[in-house]
Amino acid sequence: MTTANLMPAWGVDHLPTLLAHCRQCGTYTFPSNAWGCRQCGADTLAKVPMPQTPVLRNFITLHGDVVPGLTPPVVVGEVEIAPGVVEEALIAVADESQLTLDMPMEAIGADPADTQRGLRFRPLEAQR
Amino acid sequence: MSRLLQERAVHVVGIGMHPYQFPSETPYVHLGLTAIREALKDAGLQWPQVQAAFVGTAAIGMAAGRVMLRHLGSTGLSVTQVENASASGSSAFRLACQAVASGEHEIVLTVGVDKTGHARRASGSDGLSTLSPTSNLPVAKFALLARRYLRDGGLDVEALARVAVKNHGNASLNPYAQFRKPRTLEQVLASPKVAGELTVQQCCPRGEGAAAVIVASAAAIARLGLARSRSPRVIASVSTSEKLGRGDVPPIVDMVRESSLAALEQAGIAASDLNMVELHDAFSIEEIVYGEAIGVSQPGEGAHDLARGDTAIGGRCAVNASGGLIGMGHPIGPTGIGQIAEITRQMRSEATGRQHPNTRLAMAHMIGLGSVAIAHVLQKTD
Ligand SMILES: [Zn+2]
């Protein structure tokens, strides 16, 4: 199977500057240190926080031991973190039964015991 | 390319394979030469007649071509190595077609050969980090796509598993396939879960192997007295890459739709004219959504068409008669060239045991990590 990029990078400290916003066309790009706007290619990007409450658009459970350092089962979701920006993210829940489509989410830091997990998401407090 | 292939005909005159297999100690040179020698013999050509070679490989390393080809004799031919992830072989084949269609060469070899385990991905060196350690993991991406498709269509997991049943069944009849065992629906569903609804038997294996195809101009076929009726013509070749998504359609699906539509337009045919499609079913869900994107099935009808047998050998349009990536295997470099070999074999009515009747128009469609798409259309020659 595939070896994924395990560089730990995104923690709660990075939330104020998680995304890049293009001053030319207004498109959001993830991550904020991207080398150019994914829509128009401009390099005039401003580092900005998520402009919306993140929303869970899809989710599955990873059953296989396919990512070194990531012990299954793990819930993986597609989270919309800005208009048009849907990223795969680890969902910090015990199982899928706690999730519904299009539910608002919040970003939390990595499990302190596991530095490789970076930023994770969980259902927004009011929804839990 | 759109006019070139119409102005100067390019034909597949020879095919050869080394069976796809699980990782072994066999040197890649042996794998590649086995396929090339079989293709030369099939075409009735001698090595010195080949003017250029395009070598598709993703994991062997730099300069794999001449190291292998010198064992056939040092003729001084043009040698180019092509890496385009899973589409390496398809891209090599496209370049071979261009070399003939442009008039630069008359007889060109394209060979895909690969071993597992040595590939490094550029996405790990782009200086950026992803949000999730699964972000570059195809099985997670396609499990998410599968979940969405099943949910939107109100379908159950059997809809996906039927792809694997069909393709393992086809592969069991293909002597070049990595998997040679038919699987039942129960077996596919009971195999260990990998991600979401995808079980192990719905995922392509890792492996190695080789595939070779020789293309030639119509003039060369006439001059050398090659068997024209055994030489399908390449009538379209298209290469594209992913664009930003539009709304709810995943960008990779849009890419498949646009690339196949461009290939059909170039060929001057409709999707409904296709008798056969070989496509990138690294994961079962891909065959269903790409089949719809190409137009083999109407939107939302892919799973129903599969269940009805429309995409089986003998059905309306055989999809992955070779066994596809799930059954035949996916050694990366050879995969796209193996598709061309399968289509050629079928058009010659030489696919013993798995012959699809009356294959006249076929598409080979391949995806590469990134994502990129390569589409070719072949037409039977009378
Ligand atoms: Zn822009």
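## Backbone geometry

A85(B) is located in the loop of chain B that runs between β3 (78–82) and α4 (88–101); helices (H or I, at least four residues) and strands (E, at least two) are DSSP runs, numbered from the N terminus. Although A85(B) is not a glycine, its phi is positive, at about 55°. The model is predicted: local features need pLDDT of at least 70, side-chain atom pairs count only at pLDDT 80 or more, and totals for chains, interfaces and linings use all residues. Residues are numbered from 1 along each chain as its sequence is written, chains are lettered from A and ligands numbered from 1 in the order in which they are written, and side-chain values use heavy atoms, with hydrogens and water left out.

Most residues other than glycine have a negative phi, and most peptide bonds are trans. In chain A, P72(A) and P73(A) are joined by a cis peptide bond with omega of about 0°, and P73(A) belongs to the loop between β4 and β5 of chain A. In chain B, a cis peptide bond with omega of about 10° links G370(B) to S371(B); S371(B) sits in the loop between β11 (361–368) and β12 (372–379) of chain B.

## Interface of chains A and B

Contact (heavy atoms within 4.5 Å) involves 37 residues of chain A and 29 residues of chain B. The buried area, defined as the accessible area (1.4 Å probe) that two parts lose on being put together, summed over both, is about 3,100 Å², with carbon and sulfur atoms giving 60%.

Two salt bridges are found across this interface, the criterion being a side-chain nitrogen of Lys or Arg within 4 Å of a carboxyl oxygen of Asp or Glu. R147(B) and E96(A) form a salt bridge at 3.0 Å, N to O. On the side of chain A that touches chain B, the elements giving two or more residues are β4 (55–62), β5 (74–82) and β6 (85–91) of chain A. The largest share, six residues, comes from β4(A). By class, this side of chain A has 22 nonpolar, eight polar and seven charged residues; Ala, Val, Leu, Ile, Met, Phe, Trp, Tyr, Cys and Pro count as nonpolar, Asp, Glu, Lys and Arg as charged, and the others, Gly among them, as polar.

## Salt bridges in the whole structure

Over all chains, the search finds 24 salt bridges. R57(A) and D102(A) form a salt bridge in which the closest N and O atoms are 2.8 Å apart. R57(A) lies in strand β4 of chain A and D102(A) in the loop between β6 and β7 (105–108) of chain A, so the pair ties together parts 45 residues apart in sequence.
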